[in-house]
Amino acid sequence: MPHAELRGDSAFIHRLRNYTYTGEDQFTPAYDDRRYDLNKLESVWFIVTPFSTHWRGPAHTFVSFGFADSQYVAISVEARREPGEIYGPVTGLFNRFELIYVVGDERDLIGSRAVYGGYDVYLYPIRTSRERIRALFTEMLTRSNALATKPEFYNTLTNSCTSNVVDHVNHVAPSAVPYGIKTILPGYTDDVAYSLGLIDNSITLEQARQRYKVNERAIRFAADSNFSRRIRE
């Protein structure tokens with residue numbers, strides 16, 4: 001599990017995941033120790049990855065944070081699978097998996113899904129203040145640390161990828177995101193963010209989805225050291 005040390009304006013993240021992939025289930029594990037300057041934290045991005053092209057509802061969502069020095073760090077709330085365990089939305093209802101906050105490099109967390117997983121990946125810039133971005137980042141790291149000493153079970157409905165992101169956002173900005181069927185079915189959470197003006201709603205939702213889908217760029221720049229910047233071009 002990752003561990004973060006927050007000291008003044010610095011965040012030291014230990015065991016940040018940075019796998020290298022040659023296929024969805026073929027990878028070389030790697031973990032880094034990195035330092036981030038919180039004064040340079042300037043953006044937050046919401047990622048939606050539907051599991052199916054036939055029905056948008058089931059999906060994985062997570063967030064990524066951007067810094068002025070072109071560093072990005074993604075945080076993904078997931079079911080912590082032990083060897084031999086296979087995740088499923090139904091099995092996720094019955095205390096089968098522990099909860100983990102995966103803190104990792106975007107080329108790992110986004111690239112593995114967009115390039116090798118065959119999933120559509122939508123990367124939306126969120127409209128909010130730098131103060132709230134920093135509060136969200138530090139709160140998520142703090143909760144990640146807490147799970148190391150006080151584990152929790154993952155639950156598809158009440159303690160999942162999306163429910164935790166919504167909880168964090170509403171803690172930083174009370175009642176910012178209402179709970180409902182579109183947060184229970186996370187493939188529609190970009191619709192919620194769009195209706196609230198958290199993502200660009202000067203265009204239609206379908207236009208926003210087309211604009212912020214990053215698969216083609218992720219495939220093109222999968223091996224690029226500037227992967228995060230390239231997929232945003």
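Figure 1. Arg229 counts as partly exposed because its relative accessibility is 40%. As in every view here, the model is predicted. Arg229 pairs with Glu233 in a salt bridge, with 3.4 Å between the closest N and O atoms. The pair belongs to a network of salt bridges that links Asp224, Arg229, Arg230 and Glu233. The count of salt bridges in the model comes to 17.

**Figure 2. A buried salt bridge between Arg232 and Glu106.** The closest N and O atoms of Arg232 and Glu106 are 2.8 Å apart. Arg232 lies in the segment after helix 9 (227-230), and Glu106 lies in helix 1 (residues 106-109), so the pair ties together parts that are 126 residues apart in sequence. Are the two partners, Arg232 and Glu106, buried or exposed? Both are buried. Side chains of opposite charge can pair when their charged atoms come close.

**Figure 3. Two loops joined by Arg127 and Asp200.** A salt bridge connects the side chains of Arg127 and Asp200, at 3.3 Å from N to O. Arg127 sits in the loop between strand 10 and helix 3, and Asp200 in the loop between helix 6 and helix 7, so the contact ties together parts 73 residues apart in sequence. Arg127 is partly exposed, at 45% relative accessibility. Asp200 is buried, with a relative accessible area of 14%.

**Figure 4. The buried side of helix 7.** Helix 7 spans residues 205-212. Its buried residues are Leu205, Ala208, Arg209 and Tyr212. Why do they lie on the same side of helix 7? They cover an arc of only 100° around the axis, which puts them on one side. An α-helix has 3.6 residues a turn, so residues three or four places apart point the same way. The buried residues of helix 7 pack against strand 10 (122-125) and helix 6 (189-195).

Figure 5. Beyond four places in sequence, Ile75 touches Phe62, Val63 and Phe65, along with Tyr101, Val102 and Val103. Ile75 also touches Phe137, Met140 and Leu141. In soluble globular proteins, nonpolar side chains tend to be buried together.

**Figure 6. A nonpolar patch on the surface.** Val90, Leu93, Phe94, Leu157, Ile181 and Ile184 form this patch. Together they have about 600 Å² of accessible area. Ile181 is placed in helix 5 (residues 181-184). It counts as exposed, at 56% relative accessibility.

**Figure 7. Ile86 in the loop between strand 8 and strand 9.** The loop holding Ile86 runs between strand 8 (72-80) and strand 9 (98-104). Is Ile86 buried or exposed? Ile86 is exposed, because its relative accessible area is 69%, over the 50% cut-off. Leaving aside neighbours within four places in sequence, Ile86 is in contact with Arg81, Thr91 and Phe97.

Figure 8. Asp33 is found in strand 5 (residues 31-37). Asp33 is exposed, at 56% relative accessibility. Which residues does Asp33 contact, leaving aside its neighbours within four places in sequence? They are Ile13, His14 and Arg15. The C-alpha atoms of Asp33 and Pro2 are separated by 9.5 Å, and the two are 31 residues apart along the chain. Arg15 belongs to strand 2 (residues 10-17). Arg15 is partly exposed, at 43% relative accessibility. Its phi is positive, at about 65°, although Arg15 is not a glycine.

**Figure 9. Positive phi at Ser70.** Ser70 is found in the loop between strand 7 (59-67) and strand 8. What is the phi of Ser70 near? The value is near 70°, positive in a residue other than glycine. Most residues other than glycine have a negative phi. Ser70 counts as exposed, at 51% relative accessibility.

Key:
Residues are numbered from 1 along each chain as its sequence is written. This is a predicted model: local features need pLDDT of at least 70, side-chain atom pairs count only at pLDDT 80 or more; totals for chains, interfaces and linings use all residues. Side-chain values use heavy atoms; hydrogens and water are left out. Buried means under 20% relative accessible area, exposed over 50%, partly exposed in between (1.4 Å probe, protein chains only). Helices (H or I, at least four residues) and strands (E, at least two) are DSSP runs, numbered from the N terminus. The arc is that of the directions from the helix axis to the C-beta atoms. Contact means heavy atoms within 4.5 Å. Patches are made of residues with over 30% relative accessible area and no salt bridge: like charges are joined within 9 Å, nonpolar side chains (Val, Leu, Ile, Met, Phe, Trp, Tyr) within 5 Å. Accessible areas come from the Shrake-Rupley method with a 1.4 Å probe; for residues, only the protein chains shown count as cover. A salt bridge is a side-chain nitrogen of Lys or Arg within 4 Å of a carboxyl oxygen of Asp or Glu.
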